[in-house]
Structure formats: C-alpha cells, structure tokens
Amino acid sequence: MYTDIDYCEVVSQSLTGQRPTDEQTFNSINLLADRLQSVRKAYPRLAGVEFSPQVQALIEQESLLAIS
C-alpha cells in the first residue's frame, strides 16, 4: 500500500515523464481527489483548492479513455 507521499509521487512522476501515465496514475489521482474532497468538506475555507491544470488534463484524459 502506498502512503500519501507515494500517491503524490506517482502523479508527479507521470506528469514529468519519469513513469508512464497508467492505471496506477489514475488510481492515485482518484484517491487524492477523494481526500481533497474530504478536506474541502472539513475546512470550507479550502473549498476553492483544486488540482493543477496538468492534473486536470490527466483527469480529462482518463474520462476520454473510459468513454472509448
């Protein structure tokens, strides 16, 4: 099992081309998205915190892959 840092590292390495963008990348993003949602609920002042545009692009890529 990965720690929080490992999930972030997987996404970071995928964004920089150090590792492939694969199922592990998307699983990491989904887990981090769930945790971000929990933080937003617990701390309403952080409601505007979002992923970077690069991570948003990966999320869109995952959606496109799921459709095809």
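Accessible areas here come from the Shrake-Rupley method with a 1.4 Å probe, and for residues only the protein chains shown count as cover. The model is predicted: local features need pLDDT of at least 70, side-chain atom pairs count only at pLDDT 80 or more, and totals for chains, interfaces and linings use all residues. Residues are numbered from 1 along each chain as its sequence is written, and side-chain values use heavy atoms, with hydrogens and water left out.

**Figure 1. Overall view of the chain and its surface.** The chain exposes about 5,000 Å², of which carbon and sulfur atoms supply 56%. It contains three helices and zero strands, in the order α-α-α along the sequence; helices (H or I, at least four residues) and strands (E, at least two) are DSSP runs, numbered from the N terminus. The C-alpha trace spans about 35 × 25 × 20 Å along its principal axes. Of the 68 residues, 21% count as buried, where buried means under 20% relative accessible area, exposed over 50% and partly exposed in between (1.4 Å probe, protein chains only). Among contacts (heavy atoms within 4.5 Å) with a separation of 6 or more, 40% come from residues 24 or more positions apart.

**Figure 2. The salt bridge of Arg-19 and Asp-22.** Side chains of opposite charge can pair when their charged atoms come close. The side chains of Arg-19 and Asp-22 meet at 3.1 Å, N to O. A salt bridge is a side-chain nitrogen of Lys or Arg within 4 Å of a carboxyl oxygen of Asp or Glu, and a search of the whole structure finds one. Arg-19 counts as buried at 16% relative accessibility, whereas Asp-22 is partly exposed at 26%.

**Figure 3. A nonpolar surface patch that includes Tyr-43.** Val-39, Tyr-43, Leu-46 and Val-49 make a patch of about 330 Å². Patches are made of residues with over 30% relative accessible area and no salt bridge; like charges are joined within 9 Å, and nonpolar side chains (Val, Leu, Ile, Met, Phe, Trp, Tyr) within 5 Å. Tyr-43 sits in the loop between α2 (23–42) and α3 (53–67) and is exposed, with a relative accessible area of 53%.

**Figure 4. Leu-65 in helix α3.** Leu-65 is exposed, at 51% relative accessible area. From Leu-65 to Lys-41 the C-alpha to C-alpha distance is 29 Å, and the two residues are 24 apart in sequence.
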